[in-house]
Amino acid sequence: MSERYASELVVVMGKGGTGRTTVAAALALGAARQGRRTIVCEVGGQAQIPRVLEPGAQAVAAGTVRQVAPGLWATSIDPDAALREWLEAQVPRAIAAPLVRSGAFSAFVGAAPGARELVAITKAWELGAAKRWRRGERPYDTVVLDAPASGHGLGMLRVPGTYAGLARIGPIASQARAVAAALGDPARTRLVAVALAAELPVNETLELEAALAADLGRDLDAIVVNGLWSRRLTTAEAGRIDDLDGAAPSVRRAAAAATEGVRTQQRHLARLRRDARARIATLPFVFGPELRSEDVGAFATRLAALG
């Protein structure tokens with residue numbers, strides 16, 4: 001997926017618990033290794049990326065940016081802070097400051113349906129924009145967004161087009177149109193879904209792909225199937241273990257579970273390959289108490305090599 005690193009924005013979506021944040025971190029690390037100035041950002045108060053890249057690392061406070069690897073930065077988008085930045089870029093500071101202090105605009109954002117999602121996706125887009133909201137700040141070559149879980153992530157992608165249609169003129173309308181145009185352009189924005197090889201995640205991924213085609217007029221660019229077990233035993237070998245005299249019941253159960261688990265995963269993976277339009281990449285299950293930075297680095301290498 002190396003050509004994805006040439007995109008301004010990579011949006012990583014998927015059902016909760018599929019390893020979406022890990023995949024976002026691996027894609028961002030891969031982009032940085034390609035020599036692109038990269039930032040990976042989270043929303044919804046999450047601040048897990050530094051810990052994914054380096055277990056035990058301190059979380060990034062919302063609204064701040066911290067370098068986490070050579071050529072790679074991380075941030076957690078704070079909609080209120082992003083809103084202040086946007087206001088100060090649109091109107092003179094003498095007007096923006098009283099608005100921020102009064103809380104009137106923040107109250108509007110909190111009450112208007114989809115407004116916080118609009119602020120978050122617009123901030124992610126702004127990180128790669130040639131003209132940043134704050135004078136003197138450099139744009140990033142690639143922005144990787146760890147989007148909310150599938151339903152909320154899809155809503156975040158829909159909202160710029162909705163606001164662009166509602167607000168015909170003015171800075172909100174022009175900004176929303178710019179973001180909607182970027183999201184709808186496969187040359188500028190890549191959409192990546194993360195799934196597990198199980199029935200519910202595969203169903204949800206296929207539904208997400210259909211919804212994107214209906215709502216944004218475009219497909220997913222790639223699906224990453226995470227946590228695949230390697231085939232360590234054939235069915236015949238598992239059967240021989242089951243037939244061994246003196247084999248402990250726990251050993252028999254482990255052998256049966258391993259072969260059945262692989263068989264089940266492969267069945268769901270085959271269905272996804274058959275029914276999805278996007279390209280599919282796979283990542284292995286890592287056996288251990290936690291992911292190590294070396295594991296994420298290996299994922300980055302594997303995803304880059306699959307292009």
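1. Start with Trp229. Trp229 sits in a loop, and that loop joins β7 (222–228) to α10 (235–243). Keep in mind that this is a predicted model.

2. Is Trp229 buried or exposed, or something in between? Its relative accessibility is 32%, so Trp229 counts as partly exposed. The cut-offs matter here: buried means under 20%, and exposed means over 50%.

3. Now turn to Glu117. This residue belongs to helix α6, which covers residues 115–126. Glu117 has 31% relative accessibility, so it counts as partly exposed.

4. Which residues does Glu117 touch, leaving out those up to four places away in sequence? The answer is Met156 and Val159.

5. Look also at Glu117 and Val43. In sequence, 74 residues separate the two. In space, their C-alpha atoms are 9.2 Å apart.

6. Thr21 is part of helix α1, which covers residues 20–33. Thr21 counts as buried because its relative accessibility is 18%, and the cut-off for buried is under 20%.

7. What does Thr21 touch, again not counting residues up to four places away in sequence? Its contacts are Glu42, Gln48, Ile49, Val52 and Asp146.

Technical notes:
Residues numbered from 1 in each chain as written. Predicted model: local features only at pLDDT ≥ 70, side-chain atom pairs only at ≥ 80, totals over all residues. Heavy atoms only, no water. Helix = DSSP H or I, 4+ residues; strand = E, 2+ residues; numbered from the N terminus. Buried < 20%, exposed > 50% of the residue type's maximum accessible area, 1.4 Å probe, protein only. Contact = heavy atoms within 4.5 Å.
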